[in-house]
Amino acid sequence: MDTAGLGSLDDLQRDPYPLYARAHAAEGLLHVPELDAWLVARDTDVREVLRRPEDFSSEGALRPDVMPSPAALAVLGSGFGGRPVVVGTDGETHQRLRLPLVRGLSPARVAAVLPYAAERAAALVEEFAGDGRVELMAAYARRLPGEVIGRIVGLDPADVPAVVHGGHRAEELLFRPLTEEEQVAAAEDAVAAQHILDRCARERAAEPREDLCSEIVASVATVPGELTLEQRHEAVSHLQNLLIAGHLTTTALIGTTVLHLLRHPRQWELLCAEPERIPAAVEEAARHDTALQGFRRVTTRPLTLAGTELPAGTSLFVAFGGAGRDGARHERPDEFDITRAPGRHLAFGHGPHACPGAQLAREQLRLTLTELTRRLPGLRLDAGHPVVMRPTMIHRSPARLHLSW
């Protein structure tokens, strides 16, 4: 056993890669007090855990870092949700919850939304292309993924900003230390988004359409045309989880990808000159600094992993980001190199819980790089605004990304 004596949780989350390097070199697993978990960071070990959900349960996969105050919980109690979701379930429940997502994010559905996504990507870039500078996270990265997943779900475009904002606020409430007043405000924003999703679910129960909201409603409804209160809670839980995953992860991936390309100007110039390299750049960016650094798992029985004995009920942090920097799997793992042959990485998970929206995320990043390299080849990081990473292991990205050209 080796206990990682690194600094604060915020410091670790802003740059987890030194910790991963220690984990790769250690005998057995590292126990990390800041995470209150054993760290699984080698590619081989991560794959083993993800392949064995019967031994490594997803229950508590998104365990909050911060428990909301009683006042914030009271606000949350006025909303909808709180029911099991796909990332935190196993077995038959997981399969039942996953099925409508697989249908709704099928290759055909993704292909159908791409013209809209391309149109919106171009329009968003057009809004700032003549300005000479932009804060990309607010102007683009937080907008495109929300609009695209909102379209697939079937949200009214007018409702998308509030739902996206509510998702950001829900994440902030559960993973950032806030004052009680700030917690209450965040809870109110999250509940406002839940009420929009509840309205959408009830509308689709009455009049189904060819959209993902209708798929989810059909998966929970027992009587056509109506939903019980419990079914409304289930539908909103499902929709909220899907939307948060659908926009926050892609938002983060856009931010980190553009950041690393501009930190390596020769690679950015190469991409502008040879846009056919964009698919390889997408895979390299996902491997090098994945948006979703990992999920928690809990052992269901006593077992041994990587030579470390783990009792039943042991908490693990399964680091997709650590697997992406494992030298046993990837040559020169710490180098960002879009010319490397794309290899198998774990940025979108593996096994029964592999991300059903992986192709949609890839396509949005491809469209983003296509648009930026074509319209703004002189793009560079604004030296007057140092980049600070958000302190999170769930959706790792720049807090702000100031660019100029």
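**Close-up 1. Surroundings of L197.** L197 touches L155, V163, V236, L239, Q240 and L243, leaving aside residues up to four places away in sequence; contact means heavy atoms within 4.5 Å. This is a predicted model, in which local features need pLDDT of at least 70 and side-chain atom pairs count only at pLDDT 80 or more, while totals for chains, interfaces and linings use all residues. Residues are numbered from 1 along each chain as its sequence is written, and side-chain values use heavy atoms, with hydrogens and water left out. L197 belongs to helix α10 (residues 180-206); helices (H or I, at least four residues) and strands (E, at least two) are DSSP runs, numbered from the N terminus. With a relative accessible area of 2%, L197 is buried, a term that means under 20% relative accessible area (1.4 Å probe, protein chains only). Between L197 and C213 there are 8.9 Å in space, C-alpha to C-alpha, and the two are 16 residues apart in sequence.

**Close-up 2. Packing of helices α6 and α8.** Helix α6 (residues 107-128) packs against helix α8 (residues 144-153) at an angle of about 155 degrees, and their axes are 10 Å apart. Axes are lines fitted to C-alpha atoms, for helices over the stretch in contact, and angles run from 0 to 180 degrees between N-to-C directions. The helices α6 and α8 are therefore roughly antiparallel, the word for angles over 145 degrees. On the α6 side the contact is made by V113, Y116, A117, R120, A121 and L124, and on the α8 side by L144, E147, V148, R151 and I152. R151 also lies over the face of Y116, 4.2 Å from the ring centre; a charge sits over a ring if NZ of Lys or CZ of Arg is within 6 Å of the ring centre and within 35 degrees of the ring normal.

**Close-up 3. Aromatic pair Y17 and Y20.** A search of the whole structure finds three aromatic pairs. In one of them, the ring centres of Y17 and Y20 are 5.4 Å apart and the planes stand at 85 degrees, so the pair is edge-to-face. Rings of Phe, Tyr and Trp (its six-membered ring) pair if their centres lie within 6.5 Å, and planes over 60 degrees apart count as edge-to-face. Y17 and Y20 lie three residues apart in helix α2 (residues 17-25), about one turn of the helix, and both are buried. The charged end of R325 sits over the ring of Y17, 3.7 Å from its centre.

Terms used. Rings of Phe, Tyr and Trp (its six-membered ring) pair if their centres lie within 6.5 Å; planes under 30 degrees apart count as stacked, over 60 as edge-to-face and the rest as tilted. Buried means under 20% relative accessible area, exposed over 50%, partly exposed in between (1.4 Å probe, protein chains only). Angles under 35 degrees count as roughly parallel, over 145 as roughly antiparallel, 65 to 115 as roughly perpendicular and the rest as oblique.
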